[in-house]
Structures are given as C-alpha cells and as structure tokens.
Amino acid sequence: MTQLAEIKRYIDSFPRPNGLNVHTWELTKNVAFEVWKNHIQNRPNRRNVNYLCREFYLLIRKPNGEYIIPPTCFRRA
C-alpha cells in the first residue's frame, strides 16, 4: 500500500473491539495512520510503539501480516 487513501480505507476496515469506546478507537486508528504515513514517506518512527489495545498492532501490519515497523520498536512490558 502506497497511497494515503488506500491506507485509510485499510485501517477503517477493522471493526472497533468490544469494550473500547468510539473516541479511543478513533485515536488508535489515527496513531496507526501516522505510523503508516511515516512508513510510506520513508521517515523513521521516532518513538517506541506501546499501545494498550492489542488490535492496534493489527493496524500497523500489511495485509500479508508483515509489520511496517520492526517489532524491536515495540516497547515490552
């Protein structure tokens, strides 16, 4: 995926997880979109990715399952 509109559609295709309110889900999707923008613009992701919602990590994977940033950027608990 190389177009922002295509990425937005991809992210929006994921259903909101049960127990997560609409506002939090929109914020989660916005953060994922920013990570994707950095990825397609060949900009480094300057912070560790640590998100409470495990579905977030699905949003930053390509359809083939490959993460768009190295898993080493994920902060471990």
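Reader: What percentage of the 77 residues in the protein chain is made up of buried residues?
Author: Buried residues account for 32% of the 77 in the protein chain. Keep in mind that this is a predicted model.

Reader: OK, predicted. What pLDDT does the chain average?
Author: The protein chain averages a pLDDT of 89, and 94% of the residues score at least 70.

Reader: And where is confidence highest and where is it lowest?
Author: Confidence is highest in α1, at 97, and lowest in α3, at a mean of 92.

Reader: How many helices and strands are there?
Author: The protein chain has 3 helices and 0 strands. Starting at the N terminus, the order of elements is α-α-α.

Reader: What box do the C-alpha atoms fill?
Author: Along the principal axes, the C-alpha atoms take up a box of roughly 35 × 30 × 20 Å.

Reader: Of the contacts with a separation of 6 or more, what share comes from residues 24 or more positions apart?
Author: Such residues account for 59% of those contacts in the protein chain.

Reader: Now the inside. How many residues are in the largest nonpolar core?
Author: The largest nonpolar core has 20 residues. Those with the most contacts inside it are Ile-11, Val-49, Phe-56, Ile-60 and Ile-69.

Reader: Which elements give two or more residues to this core?
Author: They are α1 (4–12), α2 (22–40) and α3 (56–59). Helix α2 gives the most, with 6 residues.

Reader: Pick one from the core list. Where is the place of Ile-69?
Author: Ile-69 is in the segment after α3. Its relative accessible area is 8%, under the 20% cut-off, so Ile-69 is buried.

Reader: What does Ile-69 touch, not counting residues up to four places away in sequence?
Author: Ile-69 touches Val-35, Asn-45, Val-49, Ile-60 and Phe-74. Val-49 and Ile-60 are also on the list of residues with the most contacts inside the core.

Reader: How many Å separate the C-alpha atoms of Ile-69 and Leu-20?
Author: They are separated by 24 Å, and the two residues are 49 apart along the chain.

Reader: Switching to rings. How many aromatic pairs does the count come to?
Author: The count is 3 aromatic pairs. One of them is Tyr-10 with Trp-36, where the ring centres are 6.1 Å apart and the planes are at 75°, so that pair is edge-to-face.

Reader: Which helices do Tyr-10 and Trp-36 lie in?
Author: Tyr-10 lies in helix α1 and Trp-36 in helix α2, so the pair ties together parts that are 26 residues apart in sequence.

Reader: Are those two buried or exposed?
Author: Tyr-10 is buried, with a relative accessible area of 15%. Trp-36 also counts as buried, at 1% relative accessibility.

Reader: How are the rings of Phe-56 and Tyr-57 placed?
Author: Their centres are 5.5 Å apart and their planes are at 80°, so this pair is edge-to-face. Both Phe-56 and Tyr-57 are buried.

Reader: Which residues form one aromatic cluster?
Author: Tyr-10, Phe-14 and Trp-36 form one.

Reader: What about charges, which ring face does Arg-61 lie over?
Author: Arg-61 lies over the face of Tyr-67, at 5.5 Å from the ring centre.

Reader: Next, where is the place of Glu-55?
Author: Glu-55 is in the loop between α2 and α3. At 23% relative accessibility, Glu-55 counts as partly exposed.

Reader: What does Glu-55 touch, not counting residues up to four places away in sequence?
Author: Glu-55 touches Pro-17 and Trp-25. Thr-28 is 27 residues from Glu-55 in sequence, and their C-alpha atoms are 8.9 Å apart in space.

Reader: Last one, Asn-38. Buried or exposed?
Author: Asn-38 counts as buried, at 17% relative accessibility. Its place is in helix α2. Not counting residues up to four places away in sequence, Asn-38 touches Arg-43, Pro-44 and Asn-45.

Technical notes
Residues numbered from 1 in each chain as written. Predicted model: local features only at pLDDT ≥ 70, side-chain atom pairs only at ≥ 80, totals over all residues. Heavy atoms only, no water. Core = buried A, V, L, I, M, F, W, Y, C linked by side-chain atoms within 4.5 Å. Buried < 20%, exposed > 50% of the residue type's maximum accessible area, 1.4 Å probe, protein only. Helix = DSSP H or I, 4+ residues; strand = E, 2+ residues; numbered from the N terminus. Phe/Tyr/Trp six-rings, centres within 6.5 Å; stacked < 30°, edge-to-face > 60°. Lys NZ or Arg CZ within 6 Å of the ring centre and 35° of its normal. Contact = heavy atoms within 4.5 Å. pLDDT = per-residue confidence, 0-100.
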